[in-house]
Amino acid sequence: MRTAFLKSTGQTPVSRDGELLTEAQISSTVQDVVASTQFIDIHTHLFAPAFGKLGLWGIDELLTYHYLEAEFFRSSDTKPEEYWLLSKRDQADAIWRTLFIKNTPLSEATRGVIAVLKAFHLPTDRPDLVEARSFFKAQTIEAHIRKVLQMAGVSTVVMTNDPLDPEEAAVWLKGVASHRQFRAVLRLDRILCNWPAHWQVLAGQGYRVDEQASGKSPAEVRRFLADWYKRMQPVYMAVSLPDTFEFPKETTGNRLLKEAVLPACRELNLPLSLMIGVRKQVNPSLRLAGDAVGRADLRALENLCREFPTNRFLVSILSRENQHELCVYARKFSNLMPFGCWWFMNNPSIVEEITRERIEMLGTSFIPQHSDARVLEQVIYKWNNTRRTLARVLSNTYRLLSEDGRGVTRGDIQRDVTRLFRSNAEAWMDLRAPASDAPAQAL
Ligand code: RAT
Ligand code: ZN
C-alpha cells in the first residue's frame, strides 16, 4: 500500500523490499521490529558466570542498587552510616519498606524493580519479600542468565573489567573460559584518573613504571595493556572522566592517554570509550551513590578526535547540557561514535529528548543506548524502557518522512533498527564469539 503523499504526487516508489506502510501500520511495524530485534548491550557492569560472586543478581541486589540507595536516604530517617552496618538482606528490606510500601514506587529505578518482579510473575505489593527471595533462591545461575537475556531481547552483553581490581584480576589470572554472550572491556580509570595511587600495582607485577609516569613508564603501560589484551580479548578500552577533563593539558593522566593508551588502541585496533562528566564523591557518605554530574568542556573531545584521526572514540556524556554539542562534534568527526544515555541521563523523558535530537542530527549513525546494568535482571526493565521510548521516537520520525514524501517499508525499519542496536556496535568492535571456549591463557 502506498502513502497518500506518494499517490498525490504520482511518484513511483523505488524498488525496495516490502510494501510501503500506511501511517497506522508504521507504529505497529516499528513496535514489532524493535521487539523482535536482538540488541547488543555495549556497556554493563555484569559478569559472566566464571566471575562468581562478582556477578550480581536477585532481589536483594536489585533493591540495593545504588540508584535506589540514593532515593532511600531521601525518604528514610536511617543515616548512611547506620545503613552501611546492616546486612545486605536488611538493607534490601529497609529499601523495600521505605520506597515500595510506605511510598509509591514512581521513580524510574523503583518502577524498574516492579517491572522485574512482574516479568517473573512475582507479587509487586506485598509487605515482605518472602516469595521473591524463594524464587531467586531456586534459580541456577547459568540457566537464569540465559533466560534473563532472552527476556531482555539481548544477544550479547559487554562487561566492565578492571585489571587493577584485585578480586577481578585474580579471576583473570587463573584463566577464564570465554563466554558466548559476555565480552570484556579493559577499564582504565585507575590508570588514567588516579595513577599515583595505582602505579605500584604495575610496578609490583614487573612493569618498570614510576609515580610521575616518566621515562619508560608509558611504554611499560603499553606492555601492560598488551598483556591484558591477551587475557581479556576486550572489545574496547574505556575510562570515565570528570567534568573538568581537559586535553591537551600537561597531566600524568594525559601523558598516559597520549603515549600509552591511544597508541595501544591503534595497535590493537580497539576503540576507546570516553564517558565524560562525572563528579566523583560529592557526598562520600553515600559511597557508590555519592557521585554527581558536571557540565564538561567538550573541546577536549574535539582536540582528541582531530589530533588522533586514526583512533576511534565511543563517547557518552553525563550532562544533559552537553548532549547537543556531542551531536555537533559527531557531525565533524567520523571517528566519534556517540552512545547511550548514561546514568543520570537514563530517564525516559531525557532518553526521548536525546534520541530524537541524535536522529535529527545523525540519522542512524550512533548507538542509542546501553543498559549500564549492575544487577543481571535489570536488563529486563532497562531494555524494555528503551524499546518503549525508541518505538515512539522512531514511529514519529517515519511518519514525518512519509509525510515528506518517502514511504517506508518494514525492510527499511528493520535495517535502521539493526544498524542502531547491532551493526554500529559490530562495525566498531569485534563482537564475534572468541574462537574457542577454552580458558584464556593465564599469563
Ligand atoms: O551508572 C552507574 O552505575 C555508575 O555508577 C557508573 O558505574 C558508570 O556507569 C560507570 O561506568 O562509570
Ligand atoms: Zn557504567
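Analyst: A residue is near a molecule when one of its heavy atoms lies within 4 Å of it. This is a predicted model, in which local features need pLDDT of at least 70 and side-chain atom pairs pLDDT 80 or more, while totals for chains, interfaces and linings use all residues; side-chain values use heavy atoms, without hydrogens and water. Residues are numbered from 1 along each chain as its sequence is written, and chains are lettered from A and ligands numbered from 1 in the order of writing.

User: Which residues lie around ligand 1?

Analyst: The residues around ligand 1 are H43, H45, H66, Y67, R187, W342, W343, D372 and R374.

User: What makes the approach of R374 to ligand 1 a polar contact?

Analyst: A polar contact is a pair of N or O atoms within 3.5 Å (within protein, one must be able to donate a hydrogen and the other to accept it, and residues adjacent in sequence count only through two side-chain atoms). A polar side-chain atom of R374 lies 2.4 Å from an oxygen atom of ligand 1, so the pair meets the limit. H43 places a polar side-chain atom 3.1 Å from an oxygen atom of the ligand, and for H45 the distance is also 3.1 Å. Taken alone, ligand 1 exposes 300 Å², of which the protein buries 96%; such areas come from the Shrake-Rupley method with a 1.4 Å probe.

User: How do you know that H43, H45 and D372 coordinate the zinc ion (ligand 2)?

Analyst: Donors are N, O and S atoms within 2.8 Å of the metal (3.2 Å for Na, K and Ca), and sites may look incomplete because water is not among the atoms. NE2 of H43, NE2 of H45 and OD of D372 stand at 2.0 to 2.1 Å from the zinc ion, so they qualify as donors. Their spacing in sequence is H-x1-H-x326-D.

User: Why is H43 called buried?

Analyst: Buried means under 20% relative accessible area, exposed over 50%, and partly exposed in between (1.4 Å probe, protein chains only). H43 has 3% relative accessibility and therefore counts as buried. H45, at 16%, is buried as well.

User: What makes R320 and E353 a link between separate parts of the chain?

Analyst: Their side chains meet in a salt bridge at 2.6 Å, N to O. R320 lies in the loop between β8 (313–317) and α16 (323–332), whereas E353 belongs to helix α17 (residues 348–362), so the bridge ties together parts 33 residues apart in sequence. Helices (H or I, at least four residues) and strands (E, at least two) are DSSP runs numbered from the N terminus.

Methods: A salt bridge is a side-chain nitrogen of Lys or Arg within 4 Å of a carboxyl oxygen of Asp or Glu.
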